[in-house]
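Work through the exercises below with the sequence and the structure in view. Try each task before reading its solution.

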Amino acid sequence: MPNAIMKAKSERRRPFIADQIEDCRDASGLFYILPFQKGYLVNWDIQKTVWDYVFGKDVFNVNHSNTTMIVTEPYLNFTSTQEALSEIFFEEYEVDALLRINAGDLSVHKYHRDRPRELCCLLVESGFSFTHIVPYIQGKKQKDAILRVDVGGKVLTNHLKELISYRQLNVMDETYVINQVKEDVCFVSLDYNTDMRTARDGKQANHILRDYVLPDFTTIKRGYVRPLEESTGKSTAGEQLIRLNNERFAIPELLFHPSDVGIQEMGITEAIVHSINKCPEETRPHLYRNILLTGGNCNFPMFKDRVFKDVQSMAPDEFDVNVTLAKNPSTYCWRGGAAISRSAHFPEMLVTKKEWEEDGFNICQERFSV
């Protein structure tokens, strides 16, 4: 469910919290109020409202006094944020025990659980705000080799809004709808220049061109892609179309070449090789052999194939490259959390309410590694 509060033009008085957005009758011009900015928790009031709703009787009806809570946070999170997180869960929600951990740690735990013989894992976690490249050696992250690429789903959606607004129709206020367009039609190109030439061809030779029917929120709740043979560019009565051509692959290309929009950083594949080269030499073949892709952006068709193709071309010839796409990349870390909660070492990882009352935040700093 979305970690946000949303307001719609049609229903100004009512805020929609998390999955309440499904009750909204007209999601055009939807306005988001986000607790996270650039991947870090900055608006505590909004986040607390979302948590109160999720933990409350409308969703999970949590009894905090006998609940162990696993909370994920970004890599190298600010100490002040870590302290405030711990305080809220112990003082306000009064949970029985708490584990604060990186989402990537949970994903890697699941990966090693499925492949117990592997010693290393290189995690590529590409989400809403940014993409992290994190090497894990024998289950421990190498903090000096963690790399962050400041491109995520938010940048892609915003750039797609700008392209469509410049070329066809003003959609700058339609974040919700254009995010759906991105999810429905975009794909990662395996050969960018060839696909760009195809996009310039006439309709007969152009297999990339598609028409997208926008929702009207009366008869069409969610937009959809017309099949290639039906993409004539003509709309029937009451329909509103946008034509998508090279935008389909140019948008996800920003993950691999952020400099295309002036973000002077390495792309994902370049960052993968750079991160591996920062690790001890004896671990590098293991890391190339265990690249794990998680996060919402990994849902783009052919994302895995592009990462494999590019990394293989940049890796030393003597190393085998193997890329694993997590089953359902968006929820893989949650499955890791479910797995870690059943492990024998889980109680040792926790801070209990009693320990918090005795030692406060110091015990959290000792036990949690973020």
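The model is predicted: local features need pLDDT of at least 70, side-chain atom pairs count only at pLDDT 80 or more, and totals for chains, interfaces and linings use all residues. Residues are numbered from 1 along each chain as its sequence is written, and side-chain values use heavy atoms, with hydrogens and water left out.

**Exercise 1.** State in which order the strands of the open sheet lie, and which are the edge strands.

Solution. Strands are DSSP runs of E with at least two residues, numbered from the N terminus, and helices are runs of H or I with at least four. Two strands pair if DSSP finds at least two bridges between them. The order is β6-β7-β17, with mixed pairing. The edge strands are β6 (68-73) and β17 (351-352), each pairing on one side only. Next, β6 and β7 (residues 97-102) run parallel and are joined by 6 bridges. Thr 68 stands opposite Ala 97 in β7.

**Exercise 2.** Locate Glu 94 and decide whether Glu 94 is buried, partly exposed or exposed.

Solution. Glu 94 lies in the loop between α2 (79-92) and β7. Buried means under 20% relative accessible area, exposed over 50%, and partly exposed in between (1.4 Å probe, protein chains only). Glu 94 has 47% relative accessibility, so Glu 94 counts as partly exposed.

**Exercise 3.** Locate Ile 242 and decide whether Ile 242 is buried or exposed.

Solution. Ile 242 belongs to strand β14 (residues 241-244). Its relative accessible area is 0%, so Ile 242 is buried. From C-alpha to C-alpha, Ile 242 and Val 155 are 20 Å apart in space, and 87 residues separate them in sequence.
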